[in-house]
Amino acid sequence: MSYSRILTKQDATAAALGGAVLGGGGGGSRFLGERLGLQAIDTGTVKLVPIEEIPDNAILLTVSAVGAPAALNACVTATDYVNTVQRFAASFDCKPAGIITNECGGNATLNGWIQAATLHLPLVDAPCDGRAHPTGVMGAMSLQRQKGFVSRQVAIGGNRAEGSYLETIIRGSLEHASQIIRCTSIEAEGLVAVARNPVTAAYAKEHAAIGAIEQSISLGKVMLAAQNQEADIVASAVNFLHGVICMTGRIQHLKLETKNGFDVGTYQVTNERQSVELTFWNENMTLTLNDIRLATFPDLIMTFLTDTGMPVTSSEVRENMKITVIYTDKCHLRLGSGLRDKELYIVAEQAVGKEIISYL
């Protein structure tokens with residue numbers, strides 16, 4: 001059983017690194033995530049609490065970042081993250097007893113730390129999902145299945161100096177509210193901080209990805225230990241995740257566009273022996289070798305810079321970059337109930353033009 005503990009700067013570095021791997025190509029920048037985590041620890045106490053210690057009737061508020069990581073003019077500050085929680089509490093008369101993040105990723109695993117430190121709230125280890133995912137509904141713990149559920153969301157982001165700053169407060173169906181938040185991210189030049197969809201701890205205990213923050217931190221620490229020992233960092237991550245090293249090669253035929261608030265595209269990784277194709281929709285969606293599907297979201301498909309062993313996201317890949325591709329089955333991840341709903345994968349198939357549901 002996990003126990004409450006105060007998070008450290010070492011935890012922040014590890015969480016950003018391990019979270020970047022669990023992002024599976026999405027989940028935001030580990031550099032921004034680490035910076036946000038370190039700032040949170042400098043600001044105050046960040047207490048990570050296992051959900052078993054939270055009373056069933058306590059209200060937990062989800063925080064997230066929504067947008068396209070490759071957007072060049074995206075601007076979200078630590079103050080924006082905090083303000084979303086404060087605006088939510090004031091707008092919807094909600095007093096959260098704890099903060100949960102919507103997913104794991106280089107930035108996402110650290111989302112909630114600055115809010116918890118500033119507002120003196122526990123950070124509860126019950127993310128909506130234990131890996132990154134593209135749509136808000138995928139990270140809503142099946143709330144759309146609850147009869148009469150009304151989504152409440154607050155989004156803040158954009159550059160004040162450039163005139164792109166926006167605040168959106170919305171109440172409505174989960175699907176439509178999430179679409180409006182996505183539109184807000186587009187108008188804010190690519191990214192917004194979000195607070196949304198409070199649930200009871202009892203609900204989160206049934207639907208969330210319990211322990212996924214500790215999994216991110218543990219994975220990151222394993223990788224950092226390998227780095228310090230000049231060992232194979234990628235192999236250490238693969239062993240931790242019970243995964244497979246697919247191949248090493250150079251990126252060719254990269255196609256990336258930011259469309260409807262998402263990064264979407266495809267590329268090949270090629271060496272002298274073989275070539276694999278990856279598609280992505282923020283997160284890596286499919287991995288194919290000679291028309292044989294090796295892995296399909298929500299399986300974890302991740303890429304690393306071969307020379308350094310550091311994870312590289314879909315927004316960071318570049319033509320001719322030398323990378324190593326790994327994958328692991330979804331059974332080794334901590335997934336929330338939102339990724340167990342096949343209907344939510346229809347839009348993913350449409351986005352990347354590949355079959356996904358038949359592989360679930």
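User: What makes strand E11 (residues 275-281) and E12 a pair?
Analyst: Two strands pair if DSSP finds at least two bridges between them, and E11 and E12 are joined in the antiparallel sense over 6 bridges, so they meet that definition. The model is predicted, with local features needing pLDDT of at least 70, side-chain atom pairs counting only at pLDDT 80 or more, and totals for chains, interfaces and linings using all residues. Residues are numbered from 1 along each chain as its sequence is written, and side-chain values use heavy atoms, with hydrogens and water left out.

User: What lies in the turn between E11 and E12?
Analyst: The two strands form a hairpin with 1 residue between them, and Asn282 in the turn has a positive phi of about 65°.

User: Why is strand E12 (residues 283-289) called mostly covered?
Analyst: Buried means under 20% relative accessible area, exposed over 50% and partly exposed in between, with a 1.4 Å probe and protein chains only; because 7 of the 7 residues of E12 are buried, the strand is described as mostly covered.

User: How do you know that E12 also pairs with E13?
Analyst: E12 and E13 run antiparallel and are joined by 4 bridges, and Thr286 stands opposite Thr296 in E13. Their hairpin has 2 residues between the strands, and Asn290 takes a positive phi near 50° there.

User: Why is E13 called an edge strand?
Analyst: In the open sheet of 8 strands, the order is E13-E12-E11-E10-E9-E16-E14-E15, and the edge strands, E13 (292-296) and E15 (311-312), each pair on one side only.
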